[in-house]
Amino acid sequence: MPIIETVHLCHRYADGTQGLNDVSLSFSQGELAVIAGANGSGKTTLLKHIIGLLVPQSGLVTVGGQSVQKDPMAARQQVGMVFQDADSQIIGDTVYDDTAFGPENLALDRAQIDRRVNRALAAVGLSGLEDKKPHHLSGGEKRRLAIAGVLAMAPRVLLMDEPFSNLDFPATCRVLEQILDLHQNGHTIIITTHDLEKIVAHAQRLVIMAKGRVVRDGIPAAVIRAVDRYGIRPPCSVQLGRGIRPWVS
Amino acid sequence: MGELSAIGFSPGRSPLHRLDPRTKQALLMGLSLVSFWGGLPFLLLASATMVALFHAAGLRLGQVLRETRYFLFFLGLVFAIRTVTLSHGWIPSVSGGSAGEALTICWRLLLMVGMGLLLMATTRTADIRAALAWYLKPVPFVDQTMAATMVGLLVRLLPLILLQASELSDALRARGIQRRKNPLVRLERFTMPLFRRVFLSADELVAAMQARCYSNHRTTPDLAFTWRDGLALGVGTLLGLTVLLP
């Protein structure tokens, strides 16, 4: 049984823009999938439906076989989302508070919250910064804090919306490392991006979206040659005819 | 982000940081209330205490004054309105008595705002929320969790709004807004995008909270009243009693 499934999902925004148009996808446990598309192709709208922040006009979204629309809280306990703008995701006054926000919402006891926070911060390499103000962290650290905030809720699936945007080279490498570690540890990871270069070599599946529709879906090697037709820049190695290569060794 | 607003929680281990948030809220409410009757001895003592506490909490007074400059302009306006009178022939005049009275009013307002800033700077938003819910619990017909959450969100959004206002102001100046002489046009160019950004940020914040399973039934911080709180309340009461001094 797929862990996430969307069936004929449609969504139209209040201004008439068709955000999603008949999107049917399913993701398996442990998969690392990349959803690519130009700006406005519907990537973020799709993620917001999976986590129940948007309600479909027609169609269905299920997480673990349960309808997200019927029980969004149950879906959010299984699926964590890292937003594109890490600043907008910061809720706590300190790194500790921000990481503890999710477990506190799950009404866990304080000892359990402390354990989860310590484990999540260690996993993203932010141990020792518990008392720091999140807004004083660097861009890469904020992104890792956003990941820690989600990890502390122990989700089965991680949705990441443009996880490499606005990051410099070292921060991008660090976030990429974290993503690959999480995947190795058994998390299902779905990443949306318009920049395939960094992640596509590690993905098992590449989905291309355009104008709210899924236009390509398959293994990256089969799909990658078609991406420039949809406003996505192919990785340099592909442009040079060397196939898909890891971005960093 | 180094220039981020000084208004908001600043982690630390000062005596104020270590107080129970209920004690700090009680002191804020009590001292704000008595300051309405406070004369020169109370105002001097309370101000000196406040400056010392700002220092102990690691807040730079200069930065706090800079951050509250719009409120200081407002105080200046209050002072001017209460002091300057227009006599025959529309000639402005200032009387010593009314100036003293206006100064006292402005000083009291400044003191209240200063105490509020101290509370915000030394208390986590979650603690403010928990203490407020504790105070509101016995009040009938009030959903204390919801009320506390609303205050908590306001405290959380305030520094963000100030930061966005500062960024917007810089962006407008970079595009020569100062060449516009009409203050109404300048106000419109400033407020409309600011409102739009604030509402968008509020939306994003709510989405982020929902994505992390936010509900009213969550683990709240442990509140503990210790000897420090007793001492602080005692000192606060003594300070409050100075309003009785002539």
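The sections below go from the interface to individual residues.

## Basis

The model is predicted.

## Interface of chain A and chain B

The contact draws on 33 residues of chain A and 28 residues of chain B. Between the two chains about 2,700 Å² is buried, and carbon and sulfur atoms account for 53% of that area. On the chain A side, the residues that lose the most area to chain B are A:Asp93, A:Asn105 and A:Lys133, which together make up 20% of what that side buries.

Five salt bridges are found across the interface of chain A and chain B. A salt bridge joins the side chains of A:Asp131 and B:Arg124, with an N to O distance of 3.9 Å. This pair qualifies because the cut-off for a salt bridge is 4 Å. Between chain A and chain B, 13 residue pairs are in polar contact, with both residues at pLDDT 80 or more.

## Chain A side of the contact

Several helices of chain A each supply at least two residues to the side that touches chain B: helix 2 (72-78), helix 3 (86-89), helix 4 (95-105), helix 5 (110-123) and helix 6 (139-151). Helix 4 of chain A gives the most, with seven residues. By residue class, the side of chain A that touches chain B divides into twelve nonpolar, ten polar and eleven charged residues.

## A:Thr99 in helix 4

A:Thr99 lies in helix 4 of chain A. Its relative accessible area is 0%, so A:Thr99 counts as buried. A polar atom of the A:Thr99 side chain lies 2.8 Å from the backbone oxygen of A:Val95.

Apart from neighbours within four places in sequence, A:Thr99 is in contact with A:Val117, A:Ala120, A:Leu121, A:Leu145, A:Ala148, A:Gly149 and A:Ala152, and also with B:Arg212 of chain B.

## Domains of chain B

Chain B is assigned domain 1 (14-123 + 225-246) and domain 2 (144-215). The C-alpha centres of domain 1 of chain B and domain 2 of chain B are 27 Å apart.

## Residues with positive phi

A:His8, which is not a glycine, has a positive phi near 45°. A:His8 belongs to strand 1 (residues 4-12) of chain A. With a relative accessible area of 48%, A:His8 is partly exposed, because the exposed class begins over 50%.

B:Cys213 is not a glycine either, and its phi is positive at about 65°. B:Cys213 is placed in the loop between helix 9 (183-211) and helix 10 (227-241) of chain B. At 1% relative accessibility, B:Cys213 is buried.

Notes: Residues are numbered from 1 along each chain as its sequence is written. Chains are lettered from A and ligands numbered from 1 in the order in which they are written. This is a predicted model: local features need pLDDT of at least 70, side-chain atom pairs count only at pLDDT 80 or more; totals for chains, interfaces and linings use all residues. Side-chain values use heavy atoms; hydrogens and water are left out. Contact means heavy atoms within 4.5 Å. Buried area is the accessible area (1.4 Å probe) that two parts lose on being put together, summed over both. A polar contact is a pair of N or O atoms within 3.5 Å; within protein, one must be able to donate a hydrogen and the other to accept it, and residues adjacent in sequence count only if both atoms are side-chain atoms. Helices (H or I, at least four residues) and strands (E, at least two) are DSSP runs, numbered from the N terminus. Ala, Val, Leu, Ile, Met, Phe, Trp, Tyr, Cys and Pro count as nonpolar, Asp, Glu, Lys and Arg as charged, and the others, Gly among them, as polar. Domain bounds come from an automatic or database domain assignment. Buried means under 20% relative accessible area, exposed over 50%, partly exposed in between (1.4 Å probe, protein chains only).
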